[in-house]
Amino acid sequence: MDRELSRRDLLGGLAAVAPGPPRGTITPIAPRGPHAPPAARPAAPPAGGPHSLPPLPYDYAALEPHIDTLTMQIHHDRHHQTYVTNLNTALQEFPNLQSLSPEDLIRKENLEQVPEAQRAAIRNNGGGHYNHTMFWEIMKPGGGGEPTGALAEAAVAGFGGFPAMREVVNSAGLSRFGSGWTWLVLTPDGQLAVLSTQNQDNPLMDGSGFPVLGIDVWEHAYYLKYQNKRGDYLNAWWNTVNWDAVGQRYERARGGQ
Ligand SMILES: [Fe+2]
């Protein structure tokens, strides 16, 4: 039963804590080497499952100076890996969803099959896996410049041109409170539009559009280099964009996939 902690409880609790060594005491360090007792067992390997972390398509340092090496390493190897691991764990209870691609898994009609109590785990981690896989693919070393072909024409039709479209994408990312993504999507009625989502949500989750391009605005994507200056990160990010990959996503979206 919950009850409010009294001052007596707190003092009693403090008194029960074993005193540490007096100041100035040197605590012996456990021996190391072949005869040392085994350290704590490492954590059990993550449960297997249908999803795995895709390798980064370039070196961790390849997007310097726009995105720093350590950020790429932590972002890919730890953050993305965690989404994959947790997604596999969450899917253990749902064999009927295990064969779906990440893109199909997070579509509205499939997420709705999951009971509400477990839906958040699949939504967050499935979104995290899909979003980051896309993110690595739409960047490249020596990227940047402007879109070409049909996407360039659509940018003119929808926004007046690429520079204006970029500003709208950046603005949506800048105004996203907390963690999330800013997106360029193709809407079901065939228009380019910009929107932002919270957490690891994705426009596929509510059917608002197909993500042509998305920029991660979680602090883990930029904080080591840019600290609180999310706007500087967003401006720099466009120097990494892989327009060939983005253009292919746009063509897929137009094909209704
Ligand atoms: Fe991220």
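Predicted model: local features only at pLDDT ≥ 70, side-chain atom pairs only at ≥ 80, totals over all residues.
**Overall make-up**
- The chain has 10 helices and 3 strands, these being DSSP runs numbered from the N terminus (helices H or I, at least four residues; strands E, at least two).
- Along the sequence these elements follow the pattern α-α-α-α-α-α-α-β-β-β-α-α-α, and 30% of the 257 residues count as buried.
- Of the contacts between residues at least 6 apart in sequence, 67% join residues at least 24 apart, a contact being a pair whose C-beta atoms, placed from the backbone, lie within 7 Å.

**Helix α7**
- Helix α7 covers residues 162-175, and its 14 residues reach 20 Å from the first C-alpha to the last, close to the 20 Å expected at 1.5 Å a residue; the expected span is 1.5 Å times one less than the number of residues.
- Met165, Arg166, Val169, Asn170, Ala172 and Gly173 are buried in α7.
- Seen down the axis of α7, the buried residues fall within an arc of 160°, so they line one face of the helix; the arc is that of the directions from the helix axis to the C-beta atoms.
- The partners against which the buried residues of α7 pack are α6 (149-159), β1 (180-186), β2 (192-198), β3 (210-216) and α9 (230-237).

**Nonpolar core**
- The largest nonpolar core has 38 residues, and Leu184, Val212 and Val246 are those with the most contacts inside it; such a core is a set of buried Ala, Val, Leu, Ile, Met, Phe, Trp, Tyr and Cys residues joined through C-beta atoms within 7 Å.
- The largest share of this core, 5 residues, comes from β1.
- Leaving aside residues up to four places away in sequence, Val212 touches Leu184, Val185, Leu186, Val246, Arg249, Tyr250 and Ala253.

**Ser52**
- Ser52 sits in the loop between α1 (7-16) and α2 (69-91), and Ser52 is exposed, with 12 other C-beta atoms within 10 Å.
- The C-alpha atoms of Ser52 and His129 are separated by 9.0 Å, although these residues are 77 residues apart along the chain.

How values were computed: Residues numbered from 1 in each chain as written. Buried ≥ 20, exposed ≤ 12 C-beta atoms within 10 Å, placed from the backbone. Contact = placed C-beta atoms within 7 Å.
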